[in-house]
Amino acid sequence: MISYIHLPIIALCAFILIAIWRLWVCIDRLGFMREVSRRAPSMFQGHLLAAVLAIMPLLIAAVTWSGITMPHQTAPMNAYLAAFMSAACLGGCLLLLKNTGERLALSWAGSREGALRVVAMLRIIDAAELAYALQYVQARETASTGRVIDAETFRGVNK
């Protein structure tokens with residue numbers, strides 16, 4: 001009876017897997033897959049690890065329901081242990097995805113919007129880093145010369 005607790009956990013994991021899959025399909029359809037995976041490797045790796053953790057309850061439930069004995073065990077897996085392991089995998093998956101609530105969606109339109117948010121976020125970060133780098137270089141150049149000539153206040157010499 002306790003093994004039926006796997007059904008809602010597997011359903012929730014299926015929704016999570018579909019949302020992750022749709023986000024990365026939309027990023028690929030936009031043509032930014034290589035750019036996003038190169039510039040945000042932790043997001044790609046986190047989603048990949050979350051997908052693996054979301055698949056684990058299905059495997060644990062299959063082992064429990066079929067009664068397979070694992071190597072070095074004398075009896076099939078305990079149903080309470082299997083339910084706890086499935087819930088722990090789901091909790092780990094949700095923990096990995098705690099900051100992706102706005103990017104993951106259960107519809108194609110929401111997934112497209114999430115993909116656009118990811119690409120726009122990376123572009124905004126690049127623009128902010130470039131602006132900071134230019135300000136830093138300009139401050140270093142003015143500090144090293146000691147003198148700044150402002151074109152608006154400079155008056156030419158009349159003959």
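Helices (H or I, at least four residues) and strands (E, at least two) are DSSP runs, numbered from the N terminus. The model is predicted, so local features need pLDDT of at least 70 and side-chain atom pairs count only at pLDDT 80 or more, while totals for chains, interfaces and linings use all residues. Residues are numbered from 1 along each chain as its sequence is written, and side-chain values use heavy atoms, with hydrogens and water left out.

**Helices H1 and H3**

Helix H1 covers residues 6–30. After H1 comes Gly31, with a positive phi near 90°. Helix H3 covers residues 41–66, and just after H3, Gly67 has a positive phi of about 80°.

The expected span of a helix is 1.5 Å times one less than its number of residues. For H1, with 25 residues, this gives 36 Å, and the end C-alpha atoms are 36 Å apart, which agrees.

**Aromatic pairs**

Rings of Phe, Tyr and Trp (its six-membered ring) pair if their centres lie within 6.5 Å; planes under 30 degrees apart count as stacked, over 60 as edge-to-face and the rest as tilted. By this rule there are two aromatic pairs.

| Pair | Distance between centres | Angle between planes | Class |
|---|---|---|---|
| Trp21 and Trp108 | 5.7 Å | 70° | edge-to-face |
| Trp24 and Phe44 | 5.2 Å | 85° | edge-to-face |

Trp21 lies in helix H1 and Trp108 in helix H5 (residues 108–145), so this pair ties together parts that are 87 residues apart in sequence. The pair of Trp24 in H1 and Phe44 in H3 links distant parts of the chain, 20 residues apart.

Residues are classed by relative accessible area: buried is under 20%, exposed over 50%, and partly exposed in between (1.4 Å probe, protein chains only). Trp24 is buried at 9%, whereas Phe44 is partly exposed at 32%. Trp108 is partly exposed at 28%.

The buried residues of H3 include Met43, His47, Pro57 and Ile60. H3 also gives the most to a nonpolar surface patch, with five residues.

Like charges are joined within 9 Å, and nonpolar side chains (Val, Leu, Ile, Met, Phe, Trp, Tyr) within 5 Å. Accessible areas come from the Shrake-Rupley method with a 1.4 Å probe; for residues, only the protein chains shown count as cover.

The patch is formed by Leu49, Val52, Ile55, Met56, Leu59 and Leu96, which together have about 480 Å² of accessible area. Ile55 lies in H3 and is partly exposed, with a relative accessible area of 39%.

How values were computed
Patch = residues over 30% accessible without salt bridge, like charges linked within 9 Å, V, L, I, M, F, W, Y side chains within 5 Å. Salt bridge = Lys/Arg side-chain N within 4 Å of Asp/Glu carboxyl O.
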